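Colleague: I have the model open and would like to go through it with you. Could we start with the ligand site?

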Amino acid sequence: MAKEYAANTMSRFNLGGRIIVITGGAGLLGVQHAEAVIEGGGTAVLLDIKKEAIDAAMVRLRDKYGKDCSVVGYVTDITGEESIRCVSERIVRDCGSVYGLINNAANNPKVEGNAANMGAFQFENFPMSMWLGDIAVGLTGAFLCAKVFGSGMAERGNGVILNISSDLGIIAPDQRIYRKDGLADNEQTVKPVTYSVIKHGLIGLTKYLATYYAEKGVRCNALCPAGVYNGQNEEFLKKLTNLIPMGRMAHVDEYKSTILYMISEASSYMTGSVVVVDGGRTVW
Ligand SMILES: NC(=O)c1ccc[n+]([C@@H]2O[C@H](COP(=O)([O-])OP(=O)(O)OC[C@H]3O[C@@H](n4cnc5c(N)ncnc54)[C@H](O)[C@@H]3O)[C@@H](O)[C@H]2O)c1
């Protein structure tokens, strides 16, 4: 009896061929989300603005899971409603109806360790063009994709939206970890204001959609991951890991199981939730 129950529980993680759209799907974590979808038995649909990155991601996934693995990619700019509508029609024609959406795309200006943006991101100097550009991808893009794909899910009466926020969707950036010795105050690198605004905003979008769509069978949740190891320098790593109770950053594949949980029937009673996976960073 116990064994039967366990088998039943595990089957709830199986996506059973469901189609999951991943925005920014060719980026560092987007490809990991795609791996979670493929390993869970779904079809991963990568939307990304960079064609070469999509091509490289497809090669990588086919090398790992076989040339017939369930992944497709489309070059799409998620800041435009028309381009999202066009790609959504293509996906339906090529693959079928979309069951899940992972709003993952973002402009990620590099500020960790190796960057030298020399004060350009400081709040006092922050350019309007960068504000608008970051918001267009991280927030407007998520709104538009939820509108286009979420409406289809609501019409069919089932679906799931997962917004990728951040530990910095819960807490403010600690700007001290980005500081470099020998630079004047006005030359220091900072985490841009848009990052906080977008990541907090995605949590608002999550709660709005979760309640708006609750009776239509569409769930919406947010995942707040913390930083992953990606070639940051030692000095930065030391300062950051000091702020994390577990004393380390995440490995790049450490969010895959949470992703699969949140987009599958395994989380069938979860909506409007903000799941924090951050080695304890936001607890301190
Ligand atoms: N990497 C981390 O340590 C970390 C930590 C916490 C949260 N996150 C969040 O996870 C998500 C993915 O991060 P990542 O590290 O993989 O970033 P990444 O920069 O590697 O990937 C982002 C992808 O979005 C794509 N993109 C940008 N503008 C687009 C547009 N207009 N239309 C379509 N695609 C567009 C980029 O081409 C890129 O492939 C982001 O939302 C990020 O803020 C990342």
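Colleague: How many nonpolar, polar and charged residues does the shell around the ligand have?

Modeller: By class, the shell around the ligand has 13 nonpolar, 9 polar and 4 charged residues. Here Ala, Val, Leu, Ile, Met, Phe, Trp, Tyr, Cys and Pro count as nonpolar, Asp, Glu, Lys and Arg as charged, and the others, Gly among them, as polar. Please note that this is a predicted model, in which local features need pLDDT of at least 70, side-chain atom pairs count only at pLDDT 80 or more, and totals for chains, interfaces and linings use all residues. Residues are numbered from 1 along each chain as its sequence is written, and side-chain values use heavy atoms, with hydrogens and water left out.

Colleague: Which residues are the closest to the ligand?

Modeller: The closest are L29, D48, N104, N108 and K199, out of 26 residues that surround the ligand. A residue is near a molecule if one of its heavy atoms lies within 4 Å of it.

Colleague: Which helices each supply at least two residues of that shell?

Modeller: Those are α2 (28–39) and α6 (193–212). Helices (H or I, at least four residues) and strands (E, at least two) are DSSP runs, numbered from the N terminus.

Colleague: What lies 2.6 Å from an oxygen atom of the ligand?

Modeller: A polar side-chain atom of D48 does. The protein covers 88% of the 830 Å² of accessible area that the ligand has on its own, by the Shrake-Rupley method with a 1.4 Å probe.

Colleague: Back to α6. What does it reach from its first C-alpha to its last?

Modeller: Helix α6 has 20 residues and reaches 28 Å, close to the 28 Å expected at 1.5 Å a residue. The expected span is 1.5 Å times one less than the number of residues.

Colleague: What do the buried residues of α6 pack against?

Modeller: They pack against α5 (128–156), β5 (159–164), β6 (218–225) and β7 (274–277). The buried residues of α6 include Y195, K199 and L202.

Colleague: Why does Y195 count as buried?

Modeller: Y195 counts as buried because its relative accessibility is 17%; buried means under 20% relative accessible area, exposed over 50%, and partly exposed in between (1.4 Å probe, protein chains only). Leaving aside neighbours within four places in sequence, Y195 is in contact (heavy atoms within 4.5 Å) with N108, S166 and L168. Y195 and S166 are 29 residues apart in sequence and 9.0 Å apart in space, C-alpha to C-alpha.

Colleague: Turning to the loops, where is P173?

Modeller: P173 is in the loop between β5 and α6. P173 counts as buried, at 17% relative accessibility. Not counting residues up to four places away in sequence, P173 touches L168, Y178, K191 and S196.

Colleague: And which residues does C69 touch?

Modeller: C69 touches I38, L61 and R62, not counting residues up to four places away in sequence. C69 lies in the loop between α3 (51–65) and β3 (71–75) and is buried, with a relative accessible area of 11%.

Technical notes:
A polar contact is a pair of N or O atoms within 3.5 Å; within protein, one must be able to donate a hydrogen and the other to accept it, and residues adjacent in sequence count only if both atoms are side-chain atoms.
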